[in-house]
Structures are given as structure tokens and as C-alpha cells.
Amino acid sequence: MSTTPAALSHVHRFQPATGAALHAPLLLLHGTGGDESDLLGLGTALSPGAALLSPRGQVLENGMPRFFRRLAEGVFDEADVARRADALGAFVREAQGAYGIGAPVAVGFSNGANIAAVLLMREPDTLAGAVLLRPMMPFAEPPPFRLAGRPVLILSGAMDPIVPEDNVRRLAQTLTAGGALVTHETLPLGHALSQMDITIAKRWLAAQELGPGDARSTEWSGRSAGD
Ligand code: MLT
């Protein structure tokens, strides 16, 4: 089921939760050249029945939507990265109010995974957790942040031509140092997603037991590190 999107700061699609709405909403963040429709099928596959919120990145690179500017492949305009992540965080809060959903779990692919990583670092209360598919370290020097036990799954590809292994390892270490509960798996894959990603991410999401959350606040509603 789809719903008419509210007039919010980002072009987006929203699919309300179906059934008993037992699961956290998902914030779907597409890769370069994708759009707000790209990951709806992935979201349904990962968490059937969950509400899906899927914005389109506001930067165009040769006509391809992205979530922030880059100077070259893997070289990011860090001021733009920070600004766009803050705007995305504001969009998430607008959408929570408009659609009555709790704090979402981000599911980001590639450029979408990178902006999700930035959102975790700059606004630790906005997301209930994150699934980062083929992410890389978004900042040369990450800001200090406290993620207080939020769960993060990182799936990287051993043959990924875009993301060097030490780069994604540094991201995992940075998020762990900031208090996230990070699970990092390196798959025998390249940059593209496969069924293996879906199987692992679906199992991981189910194991987190993240509920739909409190629609009136952006407080984290998942388990704490000590649970
Ligand atoms: C990025 O620019 O975010 C990464 O290089 C991934 C990509 O979009 O190719």
C-alpha cells in the first residue's frame, strides 16, 4: 500500500506499516543515480509490514540524484556532507510528525549508506539503528559522537572496487568507538547487492527486536547495550 506523500522538504515515498506494525520504520536511502522508488522492494523484503520512508537525494551529479556532493569518486565535499545530513535529519523529523512514525532504522546502499553513517555521527538520536550496505568512511576526521548502544550492521564486499577494505574497517571502528553495537561482515562480493545481503540483513534486523517506536519522540526505542 502507498500513501500520497506529504509536502515535506525532500521528494519522497511513504508506505505505512501494515498489519500489527510490530517493526521499526525503515528509512531507505538509495545509491548514486537511484531515487525514492529504488529501495521500496528491498525494504519490504527486509522487514515485511514495516513502514517505509524513502527520500530522494537532493544533489544532482550529471543528472543522477545523490545525498551529498563529491569532488571525485570516494572524495567527498565534507562541508556539503554535513549540511545535507543535517537537512536529511530535519526531513526525518518532519516525516515522523506528518506520518506518526517513530525513529526509523536507516537502510542505505552506497551513497545512501554513507549519508546514513553521517547521520549516525552528527545526530545520534535520529536513527534507531542502521543497515549500511557497501558504506565508506565519510569524514577524514569524524566528529565526536555518542551512539549509546544503537545497533549497526555493515555489509561490505571483499571485491568492492569502490570501497577499500581498510576504509570500511575504519568506519566500523569509528562507530564502535562512538558507542554503536556494530556487526561487520565482509561478503565475497563486489559493490552490487546480492541475495546474500538481503538474507543477512533480514536476519539481523529481526534479531534486534526494534519496535515501531514512539511516534511523538525521536528517542531511541530499541534495546540498550546492557539488555
Ligand atoms: C559515494 O560517493 O558516496 C561513494 O563513492 C559511493 C558511490 O556513490 O559511488
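Biologist: With which residue does Asp80 form a salt bridge?

Modeller: This is a predicted model, in which local features need pLDDT of at least 70 and side-chain atom pairs count only at pLDDT 80 or more, while totals for chains, interfaces and linings use all residues. Residues are numbered from 1 along each chain as its sequence is written, and side-chain values use heavy atoms, with hydrogens and water left out. A salt bridge requires a side-chain nitrogen of Lys or Arg within 4 Å of a carboxyl oxygen of Asp or Glu. For Asp80, the closest N and O atoms of the pair are 3.1 Å apart, and the partner is Arg84.

Biologist: Is Asp80 buried or exposed?

Modeller: Buried means under 20% relative accessible area, exposed over 50%, and partly exposed in between (1.4 Å probe, protein chains only). Asp80 has 4% relative accessibility, so this residue counts as buried.

Biologist: How many residues apart in sequence are the parts that Arg150 and Asp125 tie together?

Modeller: The closest N and O atoms of this salt bridge are 3.4 Å apart. Arg150 lies in the loop between strands S9 (129-133) and S10 (151-157), and Asp125 in the loop between helix H3 (111-122) and S9, so the parts tied together are separated in sequence by 25 residues. Here helices (H or I, at least four residues) and strands (E, at least two) are DSSP runs, numbered from the N terminus.

Biologist: Which residue forms a salt bridge with Arg56?

Modeller: The closest N and O atoms are 2.8 Å apart in this pair.
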